[in-house]
Amino acid sequence: MSEKESGIPVKRNPSTPNSPKKKEGPVRSLISEKEHVLEKSQYPQMDKSGEISQSSVRDGSKKSDDVLKTTFTTKENDHPRNENLLYFTMLAVVTVLAFFTRFYNIEIPAWICWDETHFGKMGSWYINHSFFFDVHPPLGKMLIGMSGYLSGYDGEFPFNKPGDEYGDVQYVGMRMFCATLGAALVPLVFMSTWLLCRSTTAALFAAAFVLFDTGVNTLSRYILLDPILMFFIMASTYALLKFLSLRDRPFTFIWWLWLSMTGIFLSCSIGVKFVGLFVILLAGYSTVDDLWRLLGNQNLSMVFIVKHFLARALCLIGLPVICYMLIFAVHFKVLYKTGGGDGFYSSQFQSQLEGNRLHNVSMPDRLAYGSVFSLKQQRTGGAYLHSHWHLYPEEHPPRQQQVTTYSHKDENNMWRVKPAIEEADVKGPPVIVRNGDLVRLEHVGTRRNLHTHREPAPLTPRHFQLTGYGQDGVGDANDVWQIKVPGAEEGSELMAVRSKLRLVHYYVRCALHSHDKKLPKWGWEQLEATCNPNTKDPKTLWSVEEVIDPRLPNVSFEVYHPSFLDKFLESHAVMTQGNSGLKPKEGEVTSRPWQWPINIRGQIFSGMHHKVILLGNPVLWFGVHALMVLFLILYAVHAFRLQRGAKMSQMYLEFSECMFGACWWLMAAWALHYLPFWPMTRVLYFHHYFPAFLYSCMLAGVVVDYVIKLVCLVAPPSLSVTLFHIAVGLVLSATSYSFYLFHPLTFGMGPGSSQEEGHIMHGLRWLDSWEF
């Protein structure tokens, strides 16, 4: 039975450029069930370019057929050595250039640039084993810390703020690690594009667009998560395409290898940042489409199809989950000491951190009148009830002492519990606090009582203002609160850590409450605490964490230790809460998704006398996105001609099908990495677009290759080869020259404005929003 009769795609190659046998782009089946079947005798011989055969254009009388073969048959030929030489030569050239442009003067500037202040600091914490909180999963920071440790960095530099001089600090090793992964993007883009369309020219164009983009280059040269994230995203893409290209060799070792590598790289992508989920969606879409194609092949038994399904479930679901959880297991193992991020986590979580007040501690498990304690909100990322000497500003009368919530451990988180109508007897036998008791809470540091009244809260007018009131613990009737433990009997003892309680104001009938709204600078950007009239709100639940009272017997905190799964789930709840709460700070430069493709505004990485700006190469960015629009136009014209029954040769149809299939897959990848940012309410920055930009470069490379070959098709046969080489040379020359023009954005420029005569960027500020 022939291939077309059986419907089984019979491929005659191992999906590498080493075989002269027929090859097929792995996404062809994602667009059409029609298989690309061409006999070897159809292919003309090729010249040294590996792209167009001279022999096919010698006879002008065969213009139509010969030019089609010449132009569209780019890889199948009788000289695989030429093909291999071209492929690996181009791959080597772009790889060497990538490493040169990423490593050139990488030690300059010798001070903290932009977010190096965050991720360099986090790398230091890994070296010092100090626990911290971040909104991203830990893999990227762990790799930065590892690279610093291996390159001789001792983890002692504070990374306080951008502009601080490194001095004698061994920071270059961490930059080189990030630059290595950033440089690897170029060969990964080259190889992935080749797998999609089997054209070395398209692969070269795509790699050149990434190679000569100033934005990708800039992101790759500093201690940031972005080059690590983009590396794993493109590694996932390449492994996925490599696996799909092996569909004719199921269940072989190489098939299992690339399927497993896809799963590992997917877990690493989301292990760096949660936006790695987008490439997982891309892999899921491709996998579902591939399984659906197998299901439609009636020559395959259901047992065989179930095996395919189970293999993908094992390697693309089970293996990534295991690897992802292993990342967190290493994270918890390395960060075993207390640090600045403890307060974002539960008391149980904190009890396992060396140096934390709750680690291996014995303390009272109950609360008595006169006890000093801290109160922690019982929600994801809940903070501690906090106060300090500072007063509310005049616009929020009366000018009483501020009460907030604070996520970090601090002496100003400590309160003393007292009876409602008398002072606590701290010398006599302890009297246990019970459910239903009326109490006053005195702030230990300022000796003012927790107080509320019917004045509106500063950020939430529907709630009432919380203040610290009184003098030396003496206040008024509005200091009285009632303890209510949901589900507990009236009069039952209040337990530390385990009891979830509400503090309901006795007269105003509102409950102690907090949320993620940050106060302005007058409130030190701490979280607003209020008294909520809705006493059933889940955010009104609190727990007693630390108890200090020598009159009470101590119990070991070991009983509260969480399991690994508990810590894993809590970490994700806290990270999710932190991500949703990211809002722009006053004066911070942010952007919205509509601004990214048009390159409207960059991000200053370094100022002073060596200015570095994260801005895409304008020629490439405008050109790449214009080519994406051109693709849609070309596809619409092609679809219209097909619908109208226009006469087109079989070879042209097959080549166009391959190109359009690759482009639609890349368009889906671009959309998955870009469109989800539109509905996001969290703060966004320009660098969030760069993973999507990589796919747009690949798509642009395929489109340019297609357009050049279409032009060669309509040209006289005797000129097609010359025209092809001229066109390729022009594209590469324009791309590299544009990088030469704008390279100071990446490698740095001196002080002054681009509007000044003699400035290195004079005349290149095409948009007023560009800050150079």
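Helices here are DSSP runs of at least four residues, and strands are runs of at least two, numbered from the N terminus. Counted that way, the chain has 20 helices and 16 strands. This is a predicted model. The chain runs to 772 residues, and 58% of them count as buried.

**Whole chain**

- The accessible surface comes to about 31600 Å².
- Carbon and sulfur atoms account for 61% of that accessible surface.

- Helix H17 covers residues 650–674, which makes 25 residues.
- From first C-alpha to last, H17 reaches 36 Å, close to the 36 Å expected at 1.5 Å a residue.
- H17 is mostly covered, with 21 of its 25 residues buried.
- Phe660 is found in this helix, H17.
- Phe660 has a relative accessible area of 3%, so it is buried; the cut-off for buried is under 20%.
- Beyond its neighbours within four places in sequence, Phe660 is in contact with Phe631, Leu634, Tyr635, His638 and Tyr706.
- Phe660 and Cys197 are 463 residues apart along the chain, yet their C-alpha atoms are separated by 9.4 Å.

**Cavities**

- The structure holds 6 cavities of 30 Å³ or more.
- The second largest cavity has a volume of about 80 Å³.
- A set of 13 residues lines the second largest cavity.
- Nearest the centre of that cavity lie Asp134, His136, His331, Tyr345 and Met575.
- Two elements give two or more residues to this lining: helix H13 (302–334) and helix H15 (564–580).
- By class, the lining of the second largest cavity has 8 nonpolar, 3 polar and 2 charged residues.

**Cis peptide bonds**

- Ile108 and Pro109 are joined by a cis peptide bond, with omega about 0 degrees.
- Pro109 sits in the loop between helix H4 (80–103) and helix H5 (116–128).
- Another cis peptide bond joins Pro397 and Pro398, where omega is about -10 degrees.
- Pro398 is placed in the loop between strand E3 (384–391) and strand E4 (401–406).

- His129 is not a glycine, but its phi is positive, at about 65 degrees.
- The loop between H5 and helix H6 (139–150) holds His129.
- His129 counts as partly exposed because its relative accessibility is 27%, and that class lies between the 20% and 50% cut-offs.
- Asp472 also is a residue other than glycine with a positive phi, near 55 degrees.
- Asp472 lies in the loop between strand E8 (464–469) and strand E9 (481–484).
- With 47% relative accessibility, Asp472 therefore counts as partly exposed.

**Points to locate in the structure**

- For the cis bonds, go to Ile108 and Pro109, then to Pro397 and Pro398.
- For the positive phi values, go to His129 and Asp472.
- For the second largest cavity, start from the residues nearest its centre, among them His331 and Met575.

Terms used:
Residues are numbered from 1 along each chain as its sequence is written. This is a predicted model: local features need pLDDT of at least 70, side-chain atom pairs count only at pLDDT 80 or more; totals for chains, interfaces and linings use all residues. Side-chain values use heavy atoms; hydrogens and water are left out. The expected span of a helix is 1.5 Å times one less than its number of residues. Buried means under 20% relative accessible area, exposed over 50%, partly exposed in between (1.4 Å probe, protein chains only). On a 1 Å grid over the protein atoms alone, a cavity is a set of points where a 1.4 Å probe fits but cannot get out, and a pocket is an open set with protein on both sides within 12 Å along at least five of seven lines; lining residues have an atom within 4 Å of a point. Grid points are joined across faces, edges and corners, and a volume is the space filled by probe spheres set on the points. Ala, Val, Leu, Ile, Met, Phe, Trp, Tyr, Cys and Pro count as nonpolar, Asp, Glu, Lys and Arg as charged, and the others, Gly among them, as polar. Accessible areas come from the Shrake-Rupley method with a 1.4 Å probe; for residues, only the protein chains shown count as cover. Contact means heavy atoms within 4.5 Å.
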